[in-house]
Amino acid sequence: MNNLEQTLSIIKPDAVERNLDNEIKEMFKSNGFSILKEKKIKITKTEAEQFYKVHETKPFYNDLCAYLSSGAIVVMILEKENGVLANRELMGATNPKDAEEGTIRKKYGISIDKNSVHGSDSIDNAKIEIDFFFKD
Ligand code: CMP
């Protein structure tokens, strides 16, 4: 049964500033993802606060939003069979030091904050996050 899903991926400032965006995009493609849309942008802290609103009660919320708005990011709509979970598997654990060999965060992540990529954590959030960046 075909279960193509779309998910939102962000290549974060730490990876873009190290010019890793093309390498990371190749990793998605070689793992069977199609990149349906992509754009390189810089967002404001207010936009980051809206994007990460689910985390607003967390102690790391302010730093997280300051960080995501600190430099260029690449936002993408990825598509693959069971794409939401497949993307989370390819990214690896949130903290790069816990991420498995072969994952993006193991390979490129620097710290739990500078963990190189974000990916939607559910089908519902994927729809919300895709709309956030690609409404029109
Ligand atoms: P991301 O997948 O973008 O979702 C929220 C981000 O918060 C997460 O990646 C981490 O980069 C960041 N973060 C910082 N501290 C923590 C923490 N203690 N637990 C989870 N996420 C954290």
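Biologist: Let's start with Lys25. Leaving aside its neighbours within four places in sequence, which residues is Lys25 in contact with?

Modeller: Bear in mind that this is a predicted model. Lys25 is found in helix H2. Once the neighbours within four places are set aside, the contacts of Lys25 are Ile11, Ile35, Glu38 and Met76.

Biologist: Is Lys25 buried or exposed?

Modeller: The cut-off for buried is under 20% relative accessible area. Lys25 has 12%, so this lysine counts as buried.

Biologist: How far apart in space are Lys25 and Ile11, C-alpha to C-alpha?

Modeller: Ile11 is one of the contacts of Lys25. In sequence the two are 14 residues apart. From C-alpha to C-alpha, the distance in space is 8.9 Å.

Biologist: Now the core. Which residues of the largest nonpolar core touch the most other members?

Modeller: In soluble globular proteins, nonpolar side chains tend to be buried together. Here the largest nonpolar core has 17 residues. Helices H1, H2, H5 and H6 and strand E3 each give two or more residues to this core. The members that touch the most others are Ile11, Ile24, Phe28 and Ile104.

Biologist: Which residues does Ile104 contact, leaving aside neighbours within four places in sequence?

Modeller: Two of its partners, Ile24 and Phe28, are also among the core members with the most touches.

Biologist: On to the loops. Is Ser116 buried or exposed?

Modeller: Ser116 lies in the loop between H6 and strand E4. Its phi is near 70 degrees, a positive value in a residue other than glycine. With a relative accessible area of 0%, under the 20% cut-off, Ser116 is therefore buried.

Biologist: And what is the phi of Asn82 near?

Modeller: Asn82 sits in the loop between E3 and H5. At 37% relative accessibility, Asn82 is partly exposed. Its phi is positive, in a residue other than glycine, and lies near 50 degrees.

Biologist: Which residues does Gly32 contact, apart from neighbours within four places in sequence?

Modeller: Look in the loop between H2 and strand E2 for Gly32, which is partly exposed at 43% relative accessibility. Gly32 and Leu78 are 46 residues apart in sequence, yet their C-alpha atoms are 9.8 Å apart in space. The contacts of Gly32 are Glu79 and Lys80.

Biologist: Zooming out, in what order do the elements run from the N terminus?

Modeller: The protein has seven helices and four strands. Among contacts between residues at least 6 apart in sequence, 74% join residues at least 24 apart. From the N terminus on, the order is β-α-α-β-α-α-β-α-α-β-α.

Biologist: Last one: what is the radius of gyration of the protein?

Modeller: Along the principal axes, the C-alpha atoms fill a box of roughly 40 × 35 × 25 Å. Of the 136 residues, 45% count as buried. A compact globule with 136 residues would have a radius of gyration near 14 Å, and the value for this protein agrees: 14 Å.

Conventions. Residues numbered from 1 in each chain as written. Predicted model: local features only at pLDDT ≥ 70, side-chain atom pairs only at ≥ 80, totals over all residues. Heavy atoms only, no water. Rg over C-alpha atoms; globule rule 2.2 N^0.38 Å. Buried < 20%, exposed > 50% of the residue type's maximum accessible area, 1.4 Å probe, protein only. Contact = heavy atoms within 4.5 Å. Core = buried A, V, L, I, M, F, W, Y, C linked by side-chain atoms within 4.5 Å.
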